[in-house]
Amino acid sequence: MNLGEKDTVTKGAEFTPREIEVFASVMLHGTTTKAADALDITQPAVSKMLQQLSEKADFQLFRKSRQRLIPTPEAHMLYAEVKRVFESARGISRAAREIRELRSGRLNICALPAFGSTLLPSIITSFSKQHPSVSISLDIRSSATVVQRASRNQLDIGIGVTASDDNSSIVRRALTATPPVCVMPAGHRLSELEVVQAEDLEGLDFISMGSADPMRQQLDALCEERGVGRLLKVEASLSSACIALVASGAGVSVVDRLSAWLARDLPIEIRDFRPHLDLNLSVYRPWGVIASTAADAFTEHLIQTTRSFMNGVEAGITALGPRRQADRTVSIQR
């Protein structure tokens, strides 16, 4: 084979990926036979591609010496560039593998306070332990802001109260129901009840959520409809603040059951509230944007973990009143 012969290929033409691969294999193995074996092609095919590559480059790549190909200085210079290209390709492959295996990536999560500052941190922690290279940013905002950011493609995952109106700019997936409960100071007379009805709030000092809160609006409408007069003493924008006020003896309140359950070690009593108000949480994503592998994995982890936890909360709240009533009976008998 005359590697210096140039008669069929245009000088300066673009190298093909296969020609570059063959050249690299010959540089690595030293002979066309070994290169052909490594690439699982024939030796004549290797020789032909080397000749084409030399013609396109318009300089000699190899000289023969004792049945072995000796790279020219120009070949070494070209091989240095080829190795850089191969290393870049390997870097791309590694990046793809890391993305596939959730070993890299970033998630921007926005959640309402009642969820984002209670259960969500532990969910993020457990997910991060499984996928330590995925970085996560968490922003706590109102449900209205969560929906707004989802519609503007300003987040990967949003968690907020289920909106009553449809929004074509978002995709919504049900997360969990969290109907409110009544919380009262320890020893309050309402703690004698297993379930607190709306009428039981008549004449009581009451701590309300903010006026824009969906649950507050439902509760106000219910009390007005049934003629229940509460003494609205304090208003707070967060469930946690309402519960803290209850614990300090400022009055009673109606808050979401998740926040109440996680604060059950405070000097408060928790009772189910009837009728159940419609308070559901949803996962929001921008419409028309394909979720990343990390976002899909986190969403599934979020839904599974939340629903499992809320099943335990439901059982705990259901048993809370009767258990404490039984404890009091035992104490009296002693």
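Which class of accessibility, buried, partly exposed or exposed, does E21 belong to? E21 has a relative accessibility of 32%. Because buried means under 20% and exposed means over 50%, E21 counts as partly exposed. The model is a predicted one, and the values in this report are computed from it.

**Salt bridges**

Side chains of opposite charge can pair when their charged atoms come close. In this model, the count of salt bridges comes to 14. Three of them are set out below.

| Pair | Closest N and O atoms |
|---|---|
| E21 and R18 | 2.5 Å |
| K56 and E19 | 3.0 Å |
| E314 and R257 | 3.2 Å |

The pair of E21 and R18 lies within helix α1, which covers residues 17-29. E21 and R18 are separated by about one helical turn, because they are three residues apart in that helix. R18 has a relative accessibility of 31% and therefore counts as partly exposed.

The salt bridge between K56 and E19 has its closest N and O atoms 3.0 Å apart. This pair links distant parts of the chain, with K56 in helix α3 (residues 43-57) and E19 in helix α1, 37 residues apart. K56 is buried, and E19 is buried as well.

E314 forms a salt bridge with R257. Here too, distant parts of the chain are linked: E314 belongs to helix α11 (residues 293-333) and R257 to helix α10 (residues 257-262), 57 residues apart. E314, at 33% relative accessibility, counts as partly exposed, whereas R257, at 0%, counts as buried.

Salt bridges also form a network, in which R216, D220, R230 and E235 are linked.

**The surroundings of V252**

V252 is placed in strand β11, which covers residues 252-256. Its relative accessible area is 1%, so V252 is buried. Leaving aside residues up to four places away in sequence, V252 touches V183, M184, P185, H188, L190, L201, L204, D205, F206, I207 and V246. In relation to L232, V252 is 20 residues apart in sequence, and the C-alpha to C-alpha distance between V252 and L232 is 9.9 Å.

**Summary**

Another pair, E314 and R257, links helix α11 with helix α10. V252, in strand β11, is a buried residue.

Technical notes: Residues are numbered from 1 along each chain as its sequence is written. This is a predicted model: local features need pLDDT of at least 70, side-chain atom pairs count only at pLDDT 80 or more; totals for chains, interfaces and linings use all residues. Side-chain values use heavy atoms; hydrogens and water are left out. Helices (H or I, at least four residues) and strands (E, at least two) are DSSP runs, numbered from the N terminus. Buried means under 20% relative accessible area, exposed over 50%, partly exposed in between (1.4 Å probe, protein chains only). Contact means heavy atoms within 4.5 Å. A salt bridge is a side-chain nitrogen of Lys or Arg within 4 Å of a carboxyl oxygen of Asp or Glu.
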